[in-house]
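Subject: Structure handover

Hello,

Here is the structure I said I would pass on. My notes on it follow below the files.

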Amino acid sequence: MTDVVRTGFRPSRVAIYGLLLLAALVYLIPLFIMLVTSFKTPMDIRTGNLMALPTDWTTAGWTKAWSEACTGVQCEGIRGYFWNSFKMTVPAVLISTLLGAFNGYVLSKWKFKGSDLFFGMLLFGCFVPFQVVLLPMAATLGKLGLANTTAGLVLVHVIYGVAFTTLFFRNYYVAIPDALIKAARLDGAGFFTIFFRILLPMSTPIFMVSLIWQFTQIWNDFLFGVVFASGDSQPITVALNNLVNTSTGVKEYNVDMAAAMIAALPTLVVYIVAGKYFIRGLTAGSVKG
Amino acid sequence: MSQLELRSIRKTYPGVAEETLKGIDIDIASGEFLILVGPSGCGKSTLMNTIAGLETITNGSIVLDGKDISTMEPKDRDIAMVFQSYALYPTMNVRENIAFGLKIRKLPKAEIDQEVDRVADLLQISDLMNKKPANLSGGQQQRVAMGRALARRPSIYLFDEPLSNLDAKLRVEMRTEIKKLHQRLKTTIVYVTHDQIEAMTLADRIAVLKDGELQQLGTPKEVYDTPENLFVAGFMGSPSMSFIDVAVERSETGFSVAVEGSDGRMLALPVPDYLKSWAGKRVILGIRPEHVSQPDEQKRDDSMVTEGRFTVEVTEPTGPDVLAVIRLNDTDVQCRLDAEHPVEWGEDADLMFDMRKVVFFDPESEKRIRPQ
């Protein structure tokens, strides 16, 4: 007992925790400012301190950002763009993750001649900068008749994401013993049965990694959104930019902050819900079980 | 009841110059327990995988009950396999693991339940049915893996080193259980192991492989007593047979070979008459530890038994007996001595050489010299 008390109050411990607390505070300050500002009135913002709590708590900024703020010529808030982002992100995340899982399965358990080379080349996809593919992709989407549509954006994100998701799943499946596949083949299971009945049920941790990674990437993407979507199909990141840059009269910081919070919320929620799997999936295989 | 014929099986991996299997011919009778044994890399696991259909063969044919199955898919071959790592499906419980193969084959549910229960009773795993493999001990996982194979009632069972992941005590227990199971079910089993004790205790017949070639195929007794060549003689038996380089000489009573101890003492060991044509030539004498022991009154009168006194270099007590090493013709020779009459290393000991069961090898071909 005395031991515990003594180690608890060692000066070095206090210093470490103090430093960590300080670092956490520094990182939390922007979030704090955004949150309090979003609940202030414009008057309050102009006269009060940046760090101070609102004198009048109001959700006016949030409702305006959601349904009334002007993004360019239209003044309907970011509501529609929020759903645009969902319509783009959810299918893109699911399709790229499933494709990655399938690729990973083939590249680890059904190797063909040149499959390692194929995988190596696919990995290059992780390092290609967004800007490089803009023009060719624009041309391709145009030919496919998908320019300026949500489906086109989904396609772009799926193509871009498959390199990452394949990498995740391939490395996860490589650690699974081949004997499992052999046993299933002798049990009479075919290519797809093995994938859906044996491997997929084992893939929860890496699925979470892939989902979080892809969701964050695609939801937060601005460049593809601003280039390949226009008007009604724009994602929220583009709308947020438009909202903040639309200047009519006085700058409404509370609306800007609320809109930014709305845009950031889904990724936050995904992290909170699936975060523990993220860590588990990333460390899977590092400890042999 | 099923009979399996392996006819000159050849296998070459792409990009590998040397053949992994160099024409293996084995007939496995219905209900037989055949063990494939050999050092790592001898091709035994490859051979097993080709029987299962998990790997293709380059040449030859695999015939099951008169039907050529060489090119069939694994699932169509009616063969079940137990893996070294057990390969249980981690997300399924024991019941689902055993039932998986039956479900894939679309058996009616009632039939599946009945079959799973039968197997569970047989292997005494009924109380584990709702557990996941991760919550089972090694021995229990092993049982489930066997249960999964048994449930389908296949024609042939393949066991790929099933006991090598278990600890020593459990390994002996499971060995006995597999033997009992085979005696009860009378199934045809092909079993791969690198453990020659497992091979000796379990097999009806043993196939010894080396470098993709069949060295000898025979009952455990045949393989142990009359090994075809130096490799088989050295591989089977623990501690292994000692090989002494000797010259065959004609003596007044027949033929003999002379051995010289580390202290310079000479002894003439009687050898059988079939070595007549080798008189004056060198041969390799293969002698097992149990053929060199402390003097035994009952054996003394046999003309093929002789005695000598040699210096013991090393002793290793094993419990029931003591393994001692003496040096004859500059070769270490293992002797199995009675633990009740201990010998210390460095001391001289009276030893009896029982030459009735020793074997001789041609130093050129390394093949055993057969009695004419």
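**Two backbone points in chain B**

B:Ala87 sits in the loop that runs between β6 (79-82) and α2 (94-104) of chain B. Although B:Ala87 is not a glycine, its phi is positive, at about 50°. The other point is a cis peptide bond, which joins B:Ser238 to B:Pro239 with an omega of about -5°. B:Pro239 belongs to the loop between α8 (230-235) and β11 (242-250) of chain B. As background, most residues other than glycine have a negative phi, and most peptide bonds are trans.

**Confidence**

Please keep in mind that this is a predicted model. The scores are ipTM 0.82 and pTM 0.81. Chain B has an average pLDDT of 91, with 100% of its residues at 70 or above. For chain A the mean pLDDT is 87, and 93% of the residues reach at least 70. Within chain A, confidence is highest in α5(A), at a mean of 94, and lowest in helix α1 (residues 2-8), at 52. Residues 285-289 of chain A have a pLDDT below 50, and this stretch makes zero contacts in the model beyond near neighbours in sequence.

**Packing around α5 of chain A**

I looked at two helix pairs that involve this helix, α5(A). Helix α5 (residues 79-109) of chain A packs against helix α11 (residues 204-220) of chain A at an angle of about 140°, and the axes are 9 Å apart. The crossing of α5(A) and α11(A) is right-handed. On the α5(A) side the contact includes A:Phe82, A:Phe86, A:Met88 and A:Leu94, and on the α11(A) side it includes A:Phe207, A:Leu211, A:Phe215 and A:Trp219. The residues of this contact divide into twelve nonpolar, six polar and no charged.

The second pair is α5(A) with helix α8 (residues 150-174) of chain A, where the axes come within 6 Å and cross at roughly 35°. The crossing of α5(A) and α8(A) is right-handed. The contact of α5(A) with α8(A) is made up of 15 nonpolar, eleven polar and three charged residues.

**Interface between the chains**

At the interface, 24 residues of chain B are in contact with 15 residues of chain A. About 1700 Å² is buried between chain B and chain A, and carbon and sulfur atoms give 66% of that area. How many salt bridges does the rule find across the interface of chain B and chain A? The rule finds one. A salt bridge joins the side chains of B:Arg152 and A:Asp187, at 3.3 Å from N to O.

**Salt bridges overall**

Over all chains, the count by this rule comes to 31 salt bridges. Among them is the pair A:Glu252 and A:Lys64, whose closest N and O atoms are 2.7 Å apart. This pair links distant parts of the chain, 188 residues apart. A:Glu252 is in the loop between α13 (236-245) and α14 (253-283) of chain A, while A:Lys64 is in helix α4 (residues 60-67) of chain A.

Regards

Key:
Residues numbered from 1 in each chain as written. Chains lettered and ligands numbered in written order. Predicted model: local features only at pLDDT ≥ 70, side-chain atom pairs only at ≥ 80, totals over all residues. Heavy atoms only, no water. pLDDT = per-residue confidence, 0-100. Axes fitted to C-alpha atoms, helices over the stretch in contact; angles between N-to-C directions. Helix = DSSP H or I, 4+ residues; strand = E, 2+ residues; numbered from the N terminus. Left-handed = near helix turned anticlockwise from the far one by under 90°. Contact = heavy atoms within 4.5 Å. Nonpolar A, V, L, I, M, F, W, Y, C, P; charged D, E, K, R; others polar. Buried area = accessible area lost by both parts, 1.4 Å probe. Salt bridge = Lys/Arg side-chain N within 4 Å of Asp/Glu carboxyl O.
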